[in-house]
Amino acid sequence: MSDHETDIGALVRMANQIAKNFSHHRSDVASNEVAAHLHSFWAPSMRDQLVRYVDEGGDGLDPVPLTAARSLSVRR
C-alpha cells in the first residue's frame, strides 16, 4: 500500500461509522448526509477507492454508506 492509498478495510469501517451518526434519519436522508460528508471531508483518492470498491461489490459496507458511495460515483 502506498502513502496515498488507505486500507480499504479502514475506509469501510469509517464509512459505516459515519453512517451510524446519521442513523436517526430515514435511510434515504442518511445516505445523502453520508455522501455529503464523504464529499466534504474525505480526500478525492479516498472517495475514489471507496467507489471502486463498491463497483467490485462493496462487501462489508452497510446499506446506507453503500448507497452513499454509489451516489458519489455519479458526482465523479
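Which residues of α3 are buried? In this predicted model, where local features need pLDDT of at least 70, side-chain atom pairs count only at pLDDT 80 or more and totals for chains, interfaces and linings use all residues, the buried ones (under 20% relative accessible area, 1.4 Å probe, protein chains only) are M46, R47, Q49, L50, V51, Y53 and V54. Residues are numbered from 1 along each chain as its sequence is written, and side-chain values use heavy atoms, with hydrogens and water left out.

Of its 76 residues, 38% are buried. Among contacts (heavy atoms within 4.5 Å) with a separation of 6 or more, 65% come from residues 24 or more positions apart.

Back to α3: its twelve residues reach 16 Å from first C-alpha to last, close to the 16 Å expected at 1.5 Å a residue, where the expected span is 1.5 Å times one less than the number of residues. Just after α3, G57 takes a positive phi of about 130°.

As for its partner, helix α1 (residues 8-21) packs against helix α3 (residues 44-55) at an angle of about 95°, with the axes 10 Å apart; axes here are lines fitted to C-alpha atoms over the stretch in contact, and angles run from 0 to 180 degrees between N-to-C directions. That makes α1 roughly perpendicular to α3, a label covering 65 to 115 degrees. On the α1 side, I8, L11, V12, M14 and A15 meet M46, Q49, L50 and Y53 in α3.

Methods. Buried < 20%, exposed > 50% of the residue type's maximum accessible area, 1.4 Å probe, protein only. Helix = DSSP H or I, 4+ residues; strand = E, 2+ residues; numbered from the N terminus. Parallel < 35°, antiparallel > 145°, perpendicular 65-115°, else oblique.
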